[in-house]
Amino acid sequence: MKKNILTGILGIVSALVVGLIILFIQGYPAVESYRQLFNYSILSRFSFFSTLAKAAPLILTGLSAAVGFGSNVVNLGQVGQLLIGAMSVTVVGLFINLPAVIMIPILLLTAVISGALYSGLAAYLRVKFNMDEFITTLMLNFVAQYFTLYLITGPLIDKEMNSPMTQQINSSGWLPMLNSLETTIFISIIISLLIYFIWHNTKMGYEWKVMGSNNTFALFGGVKIDKNYVRVMLISGALAGLAGAMLIMGGLQHRFLKGIGANYGWDGVMTAVVANNSIIGTVIYGLFFAVLQTGSMGMELETAVPSEFVLILQAITVLFVVASRKSAYLLLNKMSIILKIRQLRSGGEPEENELDD
Amino acid sequence: MVEALIEIDSLVKIYPPSTIAVKDFDLKINTGEIHSVIGENGAGKSTLMKMIYGLTERSSGKIKINNRDVKFTSPQQAVKYGIGMVHQEFMLIPSYTVFENIILGVEPTSKLGIIEKKEAEKKIKDLIKQYNFNLKLKSKISEISVAAQQKVEILKLLYRDVDVLILDEPTAVLTPQEIEDLFLRLKKLRYEGRTIIFISHKLDEVLELSDVITVMRKGEKITTLENNNLGKAELAKAMVGRDVIFSIDKTKANLGDVIFSAVNLNYKDANGIQQLEDVSLQINSGEILGVAGVEGNGQYELVRAISGLLDLDYGEIKIKNKNIEDLDILKRRREMAYVTQDRKFMGSAQDLNLMENSIMTHHRLNDELSYYHPVLLSKSASIKFADNLINKFKVISESSKQPISSLSGGNQQRLIVGREFMLSDQFIMLDNPTRGLDVGSIEFIQEEIINKRDKGAAVLLVSADLDELFSLADRLLVMHSGKVVFNTDTARTNKEEIGQYMLGAEMSDSA
């Protein structure tokens with residue numbers, strides 16, 4: 001745990017330093033750009049709130065990937081599950097209008113169920129036909145992309161707009177603002193706590209963790225692998241679907257636009273990988289990437305550094321965090337070997353308490 | 001004194017973070033001798049050899065071959081220097097033929113890159129004839145016996161003209177008769193001037209075969225002795241570091257009712273091979289039934305069928321008069337303890353900690369691990385459970401929160417055996433429970449097995465180690481080609497007879 005925090009900080013700091021050097025070489029005002037990056041993401045109330053709004057769906061897709069990968073279930077379908085979740089919320093929100101107290105839970109539930117059904121399709125293919133979810137979820141992403149595109153260019157198109165999108169959903173389904181803070185972040189935090197609790201305090205969570213570490217051991221110990229596999233798949237899909245709901249019910253648009261949520265799916269996978277599938281880690285890295293993405297707009301505005309620079313920064317962070325995890329390990333090993341040999345050579349007999357091996 | 005062929009000077013290997021596998025090791029190996037390196041499992045024999053062979057990087061020290069400093073980074077380099085190794089696990093491609101496996105990597109090719117078979121075939125055939133190997137070039141590896149596969153491994157090295165053969169525990173997979181055969185061949189090789197390094201932990205074999213014996217313990221060289229008039233007890237003491245009792249205290253079995261019975265188990269695998277054929281067995285309370293057999297003759301299928309890991313085509317399994325053949329794995333685990341043959345890949349999750357490895361299966365069966373509600377898992381109860389297990393089975397560890405991979409093999413196995421033994425007192429199934437462990441852990445686990453028996457458990461013990469079967473089992477079965485070919489009281493048979501049955505009457509090397 002301590003080592004994770006250390007390598008995490010090490011990775012982030014070295015990534016930021018490398019980013020600084022890149023900016024400098026490119027001839028941009030490097031320090032000023034960084035200042036603006038953080039200025040527009042955490043240093044004022046408004047910017048901090050936008051960062052949180054960005055983080056809300058990202059944390060959910062991150063959890064979706066983390067729960068899957070951590071249980072040896074390679075769900076790579078966050079993109080598709082998110083789109084299906086968002087589209088289902090849009091459809092229900094367009095055609096049903098109830099008081100907000102009922103409407104909001106109904107829409108959230110819709111997203112959860114539709115996301116789960118969509119990942120459940122891949123789970124079914126795996127359990128019934130032994131098709132690898134890693135392939136099927138990827139393929140289903142395309143299906144979801146073109147299916148939703150069809151809906152917003154055809155049956156659900158808002159004809160008054162000049163680009164493909166639906167109409168706004170009924171306002172009773174909009175998540176309220178709390179002093180200009182979007183409430184989506186609260187939903188994400190509650191869900192994170194819930195997932196953390198399941199992962200660490202239930203028998204099911206224990207079984208998932210064991211499956212993630214050694215499926216055969218779990219099987220031999222009597223864990224019902226197929227049943228758990230389906231459960232993880234459904235939960236993973238539900239989380240991504242819920243991220244889709246955040247995009248429609250939160251924010252300002254409240255409609256399904258072309259290209260909505262384009263990055264959240266893969267950024268979620270990235271977040272889980274960087275966090276090594278830890279639940280807390282996913283929340284923290286989700287926030288960090290949200291900071292970068294939100295701040296990049298301000299940076300572009302103030303210092304003309306293209307906001308795409310943040311993509312480079314993200315990539316470097318991923319590489320450094322993952323690499324420092326491994327290299328810190330190797331480095332520590334190398335050091336302990338050298339120390340041990342020195343100890344041997346100096347004649348200082350090391351402790352004789354190893355009873356075997 | 002003659003110049004040593006291989007000279008090792010203060011060699012050290014440390015596995016991170018701080019396990020010393022080999023410690024300041026000096027060794028001289030001369031041309032034309034059979035030099036045995038003996039030591040307990042985990043003494044560092046294999047690590048030492050892997051360093052010589054270029055498979056493992058040394059941490060410090062020197063290796064000289066023909067008085068030249070060498071530092072191999074791959075086995076290919078070692079082979080160039082005339083050193084070859086036969087590993088415990090064979091490095092053969094099952095779907096390739098004997099011929100293809102032998103030439104793999106050193107194919108004689110024409111300028112156009114086409115394999116020129118004739119020359120190679122002749123060379124191999126000559127070798128086969130010279131050493132009386134009884135192998136057919138066209139047989140597929142997957143279709144020949146383990147002993148024959150080992151011959152292919154040796155042939156592979158001879159084809160590459162190596163002068164030094166390192167054999168790592170070559171007898172572990174062989175029957176007594178096949179071991180004799182191997183020894184004759186090794187002696188012939190030595191006679192022709194080749195050098196053989198023989199790794200083993202079996203004293204009898206080492207005494208029979210070697211010219212020089214080096215004893216290794218905890219990574220250190222204890223002594224190197226010429227093999228004349230050496231006594232087994234003295235060698236064992238050097239190896240283990242204390243007096244060793246060669247037999248286990250065991251009272252006569254006190255049989256009770258039939259606890260476990262299996263009737264006519266039949267199983268055909270996906271390739272249509274009959275892995276189990278009409279296997280029937282019965283175990284009473286207070287009895288240990290040993291199952292012997294060359295590996296791959298249905299023992300593993302039998303164990304898996306009983307635990308519910310494979311679906312039988314036909315057959316009936318009962319524990320205490322209750323049919324279990326249609327129950328799922330978890331429901332069967334309620335009635336039985338099961339120690340799997342492979343602690344790393346089946347018996348534990350290496351990344352997880354001792355607590356998480358202790359509560360497997362118990363988490364569903366033991367109500368004390370729940371917390372308010374059966375879906376919840378209590379952290380504190382789990383830790384308490386694990387600590388109790390660690391205490392009871394003398395698992396040497398610092399905390400139940402350390403990963404199981406940080407423990408030695410013996411301690412890992414104590415934890416696994418403890419976990420399983422706490423599951424059931426009535427039926428216990430053990431698949432090679434002491435394979436690859438240090439003597440201390442072997443003794444401890446074997447004593448626990450006998451304790452369980454004396455408390456009235458029915459024990460099914462599958463083992464590739466005949467010594468273990470003879471010291472523990474009250475009754476022995478031999479499996480061959482998926483069938484039970486022999487069933488006897490342990491007291492009424494001997495290893496040679498069991499070995500005969502293990503080989504099967506119709507079995508031959510080239511089959």
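**Exercise 1.** How many salt bridges does a search of the whole structure find over all chains?

*Solution.* This is a predicted model, where local features need pLDDT of at least 70, side-chain atom pairs count only at pLDDT 80 or more, and totals for chains, interfaces and linings use all residues. Residues are numbered from 1 along each chain as its sequence is written, chains are lettered from A and ligands numbered from 1 in the order written, and side-chain values use heavy atoms, without hydrogens and water.
- Apply the criterion: a side-chain nitrogen of Lys or Arg within 4 Å of a carboxyl oxygen of Asp or Glu.
- The search gives 27 salt bridges over all chains.
- One pair is Lys151(B) with Asp181(B), whose closest N and O atoms are 3.8 Å apart.
- Lys151(B) sits in helix 5 (residues 146–159) of chain B and Asp181(B) in helix 6 (residues 176–191) of chain B, 30 residues apart. Helices are DSSP runs (H or I, at least four residues), numbered from the N terminus.

**Exercise 2.** At what angle do helix 8 and helix 10 of chain A pack?

*Solution.* 
- Helix 8 (residues 203–213) of chain A meets helix 10 of chain A at about 100 degrees, with axes 11 Å apart.
- The two helices are therefore roughly perpendicular (65 to 115 degrees).
- The contact (heavy atoms within 4.5 Å) includes Trp208(A) of helix 8 and Tyr229(A) of helix 10 of chain A.

**Exercise 3.** Which helix of chain A gives the largest share of the lining of the second largest pocket?

*Solution.* 
- Helix 3 of chain A does, with 7 residues.

Definitions and conventions: Axes are lines fitted to C-alpha atoms, for helices over the stretch in contact, and angles run from 0 to 180 degrees between N-to-C directions. Angles under 35 degrees count as roughly parallel, over 145 as roughly antiparallel, 65 to 115 as roughly perpendicular and the rest as oblique.
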